[in-house]
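Take a walk through this model.

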Amino acid sequence: MAAPGLLLLLLPLLPLRARADEHEHTYQDKEEVVLWMNTVGPYHNRQETYKYFSLPFCVGSKKSISHYHETLGEALQGVELEFSGLDIKFKDDVMQTTYCEVELDKGRRDAFVYAIKNHYWYQMYIDDLPIWGIVGEADENGEDYYLWTYKKLEIGFNGNRIVDVNLTSEGKVKLVPNTKIQMSYSVKWKKSDVKFEDRFDKYLDPSFFQHRIHWFSIFNSFMMVIFLVGLVSMILMRTLRKDYARYSKEEEMDDMDRDLGDEYGWKQVHGDVFRPSSHPLIFSSLIGSGCQIFAVSLIVIIVAMIEDLYTERGSMLSTAIFVYAATSPVNGYFGGSLYARQGGRRWIKQMFIGAFLIPAMVCGTAFFINFIAIYYHASRAIPFATMVAVCCICFFVILPLNLVGTILGRNLSGQPNFPCRVNAVPRPIPEKKWFMEPAVIVCLGGILPFGSIFIEMYFIFTSFWAYKIYYVYGFMMLVLVILCIVTVCVTIVCTYFLLNAEDYRWQWTSFLSAASTAIYVYMYSFYYYFFKTKMYGLFQTSFYFGYMAVFSTALGIMCGAIGYMGTSAFVRKIYTNVKID
């Protein structure tokens with residue numbers, strides 16, 4: 001029952017192949033080519049979009065074709081395709097033709113003037129190729145406003161496929177109340193040598209993404225990794241060798257000498273180091289969620305490297321949702337097994353919290369922003385049916401798969417096989433210098449991981465919040481690997497110093513010191529907003545800071561889980577290699 005249920009519930013994520021022409025991208029001569037009008041909105045606020053016909057544009061005379069959201073990602077991203085009504089046929093040129101008239105009363109003129117003042121531009125699609133055009137422009141004094149009324153389309157074809165589309169806006173007409181404005185279009189077909197597989201290359205920006213700074217940042221992060229790994233290896237190996245030698249020497253002493261000796265270091269907390277963490281239910285849920293986010297990130301990046309996901313509307317988001325749902329057993333396995341090893345008994349509650357931790361955070365933020373989108377009548381307002389679909393995926397796909405993972409985790413690796421037994425009475429934690437306190441370690445732990453990724457953050461932010469298409473997923477994969485190595489190295493060093501100060505509260509410290517990367521990323525998002533963009537308005541600002549908080553938190557949970565898993569292996573290793581009475 002699980003497999004058919006998964007298929008049925010995830011069906012909205014998969015593209016539908018209903019109409020042959022547009023989806024197969026092949027046309028016969030004189031066959032209809034659909035020009036879809038998508039959205040219109042201010043240039044500086046990329047996510048603040050509205051239906052194209054929310055402005056008083058007129059529609060062509062051709063009979064309307066209904067459009068539906070083909071994927072869940074398309075619906076969530078606010079794609080609102082409406083038929084333009086323009087009569088376009090494959091390889092059939094159209095001279096300049098008037099397709100409708102706009103009666104410009106005061107209300108319609110004010111709507112166009114507002115759009116021109118706020119630099120509105122619109123997006124259209126022909127055969128899944130995006131086209132952008134500007135609504136109008138103002139004169140130098142800002143007193144008179146002009147509307148572009150003539151859409152001049154030039155479409156390139158190679159065989160029976162469309163490979164290129166260009167739009168030129170002409171016919172500048174002054175907006176005068178109580179007049180009629182004629183809207184016109186023309187279509188010119190031309191043969192092109194561009195291959196169908198390469199038709200999206202014109203939308204990419206190699207000069208931006210493959211700039212020397214990008215290469216230099218990767219090289220710089222790579223050198224940081226080599227330095228950190230070398231430093232960790234040298235310091236810890238030399239220090240641990242001395243520790244082992246000192247502890248071996250102590251083993252040869254008699255009890256009197258040992259009592260008089262100066263005992264200190266990480267060996268002294270061997271009876272408490274594997275003590276369950278405080279709040280194990282929340283902790284294990286965070287670790288399980290972090291492991292799942294890492295698995296999703298890894299798989300989505302690999303898929304994006306193999307497939308050009310940017311060529312299909314909403315495909316990246318649809319893929320991410322599908323992969324997140326499918327990797328739910330990862331969350332259950334790591335979270336459930338850790339909770340079992342820490343002696344937790346409320347495993348069903350832990351499973352529910354682990355399963356819904358990330359979806360509740362994302363859906364809660366989306367629900368809040370959705371209220372603002374509805375108030376603005378924006379296309380980003382999520383339809384009710386889409387909300388129901390997301391809830392069904394959470395309850396009927398994510399939760400059952402999480403249950404499977406939890407049961408496997410508890411049965412396969414839920415037994416506490418620690419190298420040291422845990423003392424019945426907790427050891428008192430001695431006083432230490434201020435910079436060895438867990439709070440200080442947590443604050444400083446995220447600096448180096450953030451330093452290894454902040455240049456890549458700029459490119460990712462620019463592709464999402466500005467008008468760039470991110471396609472260098474090889475860079476992203478390399479940065480993810482670098483981030484993992486740096487995070488593990490930093491948390492191991494922090495944990496070693498903490499244990500050497502005879503403080504055994506390393507579980508939360510290792511998690512939070514790595515997770516504090518999220519604080520620096522969110523602080524960087526403020527810098528990016530105020531100094532790298534020209535966003536404005538309640539909707540765009542709420543959208544930006546709301547989803548940046550979600551992104552930063554998810555990144556922090558992932559880094560925290562990576563840091564804890566690496567540190568856990570390190571702690572287990574050093575206490576396995578030392579003799580304990």
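pLDDT is the predictor's confidence in each residue, on a scale from 0 to 100. The chain averages a pLDDT of 88, and 92% of the residues score at least 70. This is a predicted model: local features need pLDDT of at least 70, side-chain atom pairs count only at pLDDT 80 or more, and totals for chains, interfaces and linings use all residues. Residues are numbered from 1 along each chain as its sequence is written, and side-chain values use heavy atoms, with hydrogens and water left out.

Two stretches call for care. Over residues 1-20 the pLDDT stays under 50. The model has 31 contacts (heavy atoms within 4.5 Å) beyond four places in sequence for residues 1-20. Residues 256-262 also have a pLDDT below 50, with five contacts beyond near neighbours in sequence. Where pLDDT is low, the predicted coordinates should not be read in detail.

Now the charged pairs. A salt bridge puts a side-chain nitrogen of Lys or Arg within 4 Å of a carboxyl oxygen of Asp or Glu. The structure holds 19 of these salt bridges. One of them joins lysine 30 to aspartate 92, with the closest N and O atoms 3.5 Å apart. Lysine 30 sits in the loop between α2 (20-24) and β1 (35-42), and aspartate 92 in the loop between β3 (82-83) and β4 (94-104), so the pair ties together parts 62 residues apart in sequence. Helices (H or I, at least four residues) and strands (E, at least two) are DSSP runs, numbered from the N terminus.

Which residues make the contact of α8 and α16? Ile282, Phe283, Leu286 and Ile287 of α8 meet Gln507, Trp508 and Phe511 of α16.
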